Amino acid sequence: LSEGWGVKYLGNNPQFAKEYFDKKLRVEVLGEVFKGSPASIQESTSFNEMTQVEESALIFELLQSMQDEAASMEAVVHRSLRRLCQLLSADRCSMFICRSRNGIPEVASRLLNVTPTSKLEENLVSPDKEAIFPLDIGIVGWVAHTKKSFNVPDVTKNSHFSDFLDKQTGYTTKNMLAMPITMGKEVLAVMMAVNKVNEPEFTKQDEEVFSKYLSFVSFVLRQHHMAYLYNIESRKVQVLLWSANKVFEELTDIERQFHKALYTIKAYLNCERYSIGLLDMTKEKEFYDEWPIKLGEVQPYKGPKTPDGREIIFYKIIDYILHGKEEIKVIQTPPADHWSLVSGLPTYVAEHGFVSFSAIIIYQNKGPVDETGWIIQNVLSLPIVNKKEDIVGVVTFYNRKDAKPFDEYDEQITEILTQFLGWSLLNTDTYEKMNKLENRRDIAYEMLMYQTKATTGEIESILKLNTNIIEDCEEKQLIQILKEELPNPKDVELYEFHFSDFPITEHGLIKCGIQLFFEIKAVEKFKVPVEVLTRWMYTVRKGYRSVTYHNWRHGFNVGQTMFTLLMTGKLKKYYTDLEAFAMIAAAFCHDIDHRGTNNLYQMKSASPLAKLHGSSILERHHLEFSKTLLHDESLNIFQNLNKRQYETVIHLFEVAIIATDLALYFKKRTMFQKIIDTCEKMETEEEVIKYISIDPTKKEVIMAMMMTGCDLSAITKPWEIQSQVALMVANEFWEQGDLERTILQQQPIPMMDREKGDELPKLQVGFIDFVCTFVYKEFSRFHKEITPMWDGLQNNRVEWKSRADEYDEKMKVIEEEKKKQEANTAPKGEIF
């Protein structure tokens, strides 16, 4: 047909020409569209059937929906997909959002099964019902991966097709048109049209229409994504500014530091609730906590551990509730089934935590976690890592406020926060180190002011030689000279359990102490220089303060009792010569630099020792003092040992001295008793020796109990000795009680109260029954040679009990007399 023929036809048919013009091109019709009264578009109209006016109306409709500020992104896209279903004659359309969780990109259904007549509420997928595809599964994943559009005429012939959704919904997908929505190099979403109606596949024209109208969707998604990114960046800045402000405001304590930072930024975290679990930083157990495990009484820990080998123990959880009534809950030592831990996610993060590691999950448990009825829907959990890359805690965020799952951008914000908190630990670490250094300085200064090393003149007073002669003498000559100055062990009863230091001067006790090392052959065997041994022994004596009871005499008595248990008590057969050497030396040092006050007083008075040592305060100080002496070569009696022997000695010092803390006494009682029970069942002495001597843990348990027995040995001495020592102990306690009353402004306990001194016999009986009886009864059962200590204890209990009974009788008489006086002074004849 020619152009002329067309013009001729229109001229001959004016009515047709007018109707055609009105329908397709008339300006008035287009004007009506843009005045807000668009021509109606039938729901069944496909793109091929649509007029230009109808298409203009459709475009205008889409533009109006984009301008609706109140509408959500999903609502605008939903309108577009409804029209696209109509234009393409597709059975349904869907939108999959692209995101990343745990560093893995994925696509998730947001709008599913949109038809020309469906409603938003029917098609909007809730977070807990999302269909999620990794980028290597399904056509939708492949489109997101390749960032290319695909027209699939037959899905059964496509290797990327996944029937996962079909199986879930019962729907059958035959053909498909899929297109990515991108922003730069990032894929924001994948749009899909499924199953061409009345035709076997989507056409090339359908692809063009799909691409053309998805331009509106693309604009909406990009605008939404830009607004979301702006919100993210704004929150990042606020999180950093406010957390930095609070982190540097609080330097003293990690818990307070984290709490201030996390509480201040709560408004920017966009979640309903979050919690922080603080991890126990203990890397090595105390030796006395390892004994039950080594003895098979307690199963070793088999649970997860942090990358640096710590057992995963959350010692505190701080729970910040932002939904409903705002509240902060602090859970000390949370149980393993606490709702914040029961999912296992915080533990998993603590176990596998890298600096950049996080975990995002959609929570499967639908039940409420507490009395408020609150339910977990999704979780984001990250580790807090310090500068050493040790995990100090785990922060977990629950339920985004918009009900959507946490994504990579939430991860970025929270990761910045946790990394910043981790770096800020440098402040608290530095502050703690500074405090410890100051405390150590104070203690060192106190030690130096009070204690100095034995002088040349003091050494000469033992050896009876001046320094020049000592330097010229050979070691064998010095040994011979020294032995002549030392007392005869039998004359001073060094091998006896009833030994008394009262007849001997403190200077004489130094010589007795040196003699004990000669008796166990340690001087010759371990090549201990005579001058060094003398200087060390004298310095140890000077290390004890002139307090009422815990002085050098007590220190010597403990060393002598250790010697007697080993030699007279026949316990030496379980230990090597080096171990015996270390045990006696540790016993001499066990209370060095004692202040005459106990551990509780150190804590109450906030002394530098209490700030330096968390537990067994005085015992750890005695240990550190003893080790400090050995750092000086002129005082190191173990200087000729090899490295392994020296390490063994230091370990034995640690076990022996720390074991004198009575707070640990009850931890070792059961273990000690079981060892003795087992030994009693053995028929020969060789079996017992082998059973104990080949197991270092059993030897340590027995040695620890020996130290307790030595420390309390005054309670087993003959009555004339015990009664005097008990008064010295009581006086020292009363002196502490006076300090508590005057300095700390506190009422002392009865044992420390001078005003209740008459109750001493009763307190002694209680101490014997509650603490001492077990020690000496079990040792006498273990070795009959130690029975004298048990007998002495029983005799002293009889003495104390008789005095306690006298006191009770006296108090009873006083009470009766008081009642009589009250009865006599009461007014008579009163009517009640």
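Predicted model: local features only at pLDDT ≥ 70, side-chain atom pairs only at ≥ 80, totals over all residues.

**From the site to the sheet**

Me: Why is His590 called buried?

Reply: Buried means under 20% relative accessible area. His590 has a value of 0%, so the word applies.

Me: And where is His590 found?

Reply: Look in the loop between helix 23 (577–589) and helix 24 (599–604). Leaving aside residues up to four places away in sequence, His590 touches several others, including Tyr544, His554, His622, Met707 and Asp711.

Me: What makes the pair of Asp711 and His590 a polar contact?

Reply: The cut-off for a pair of N or O atoms is within 3.5 Å, and one atom must be able to donate a hydrogen while the other accepts it. The side chains of Asp711 and His590 make such a contact at 3.1 Å. Asp711 also touches Tyr549, His554 and Asp591, among others, again not counting residues up to four places away in sequence.

Me: Let's turn to the sheet. How do you know that strand 1 and strand 2 pair?

Reply: Pairing needs at least two bridges. Strand 1 (residues 90–101) and strand 2 (residues 104–114) have eight bridges, in the antiparallel sense, so they pair. One example is Phe96, whose bridge partner in strand 2 is Ser109.

Me: What is the order of the strands in the open sheet?

Reply: There are six strands in the order 3-2-1-6-5-4, with antiparallel pairing.

Me: What makes strand 3 and strand 4 edge strands?

Reply: Strand 3 (132–134) and strand 4 (150–152) each pair on one side only. On average, neighbouring strands of the sheet are turned by 25° against each other, direction ignored.

Me: Which helix packs on the sheet at about 145° to strand 1?

Reply: That is helix 5 (residues 73–88), which touches strand 1, strand 2, strand 5 (176–183) and strand 6 (186–196). Helix 7 (residues 138–146) lies across strands including strand 3 and strand 4, and runs at about 140° to strand 6.

Methods:
Residues numbered from 1 in each chain as written. Heavy atoms only, no water. Helix = DSSP H or I, 4+ residues; strand = E, 2+ residues; numbered from the N terminus. Axes fitted to C-alpha atoms, helices over the stretch in contact; angles between N-to-C directions. Contact = heavy atoms within 4.5 Å. Buried < 20%, exposed > 50% of the residue type's maximum accessible area, 1.4 Å probe, protein only.
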